[in-house]
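Please work through the exercises below with the sequence and the model side by side, trying each task before reading its solution.

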Amino acid sequence: MKEGTLYRHILEGAWKLAWRNRALWVLGLLAIFWGGIGAYQPFNKALENVGPAISGQMLPWGFKMPAWQAFTPAGLATFIIALIVFLAAFGAGVILVTSARGGLIFALARRHENKTVRLGPALRHGAAAFWPLLGIGIIARLDILVYMYLLNPIVAGPATLAQLLLYVGMFVAATMISILLGLLGIYASAFTILEGRPFLSALRESVRLFARNWLVSIELALILYLINLLAGIALLAGLF
């Protein structure tokens, strides 16, 4: 992977590349389900104090699992079939979005070299590195645990000034962790796809690449994070 591309003009180049190759938007829309730099988890909990939670509007999680004794044979069979269908659909979705993440990196690298790209071959190339990409994606999304168990309890009720200041401080710290994990995940995925590195080797190289280019990496990550943040705020504003 060429390090010479990691400069401030990368945003302009990435925008032009994406705009001129709209077929790659399919890969991007699929890959976005793995998340990017930053997360919106704290907003959901914080907004519970001023309105309905987003999860309550979008997902019917209010039901309780009935006891096994309440199932009839037909009901139990229906439940098992529904569970198998759900797990199969979930597994297929994970495979698709993970392959799309790798395929997007592969496709962008080829377009950067002025080579043609098709959706099918790009997805197959990403699928060939599914397991390393899956592991990298899981590590890159560990920031969700930070938001859930570190930030959410702080805003679980009327906030005092001390709680508000603590929340802001912890939010900044969690955001930096999220940015770091997101960058390492992107770099490691690129090493896996472009250089064929295995899982651990890709992670080590991503850390080394970040250490050599930490200022530019954080600079670009903050710009992307602000864009994501504004987009998330706009989405939340549209839901209320």
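This is a predicted model: local features need pLDDT of at least 70, side-chain atom pairs count only at pLDDT 80 or more; totals for chains, interfaces and linings use all residues.

Residues are numbered from 1 along each chain as its sequence is written, and side-chain values use heavy atoms, with hydrogens and water left out.

**Exercise 1.** Determine how the axes of α5 and α7 are arranged, and which residues meet.

Solution. Helices here are DSSP runs (H or I, at least four residues), numbered from the N terminus. The axes, lines fitted to C-alpha atoms over the stretch in contact, with angles from 0 to 180 degrees between N-to-C directions, come within 9 Å for α5 (residues 73-112) and α7 (residues 130-140), and they cross at roughly 95°. The two helices are therefore roughly perpendicular (65 to 115 degrees). On the α5 side, V94, I95, T98 and G102 meet F130, L133 and L134 of α7, where contact means heavy atoms within 4.5 Å.

**Exercise 2.** Is S201 buried or exposed, and which side chain does S201 contact?

Solution. S201 lies in helix α10 (residues 199-212). With a relative accessible area of 14%, S201 is buried, since buried means under 20% and exposed over 50% (1.4 Å probe, protein chains only).

**Exercise 3.** Find which residues have the most contacts inside the largest nonpolar core.

Solution. This core, a set of buried nonpolar residues joined through side-chain atoms within 4.5 Å, has 17 residues, and L183 and Y225 have the most contacts inside it. Helix α9 (161-195) gives the most, with nine residues.

Note on methods
Angles under 35 degrees count as roughly parallel, over 145 as roughly antiparallel, 65 to 115 as roughly perpendicular and the rest as oblique.
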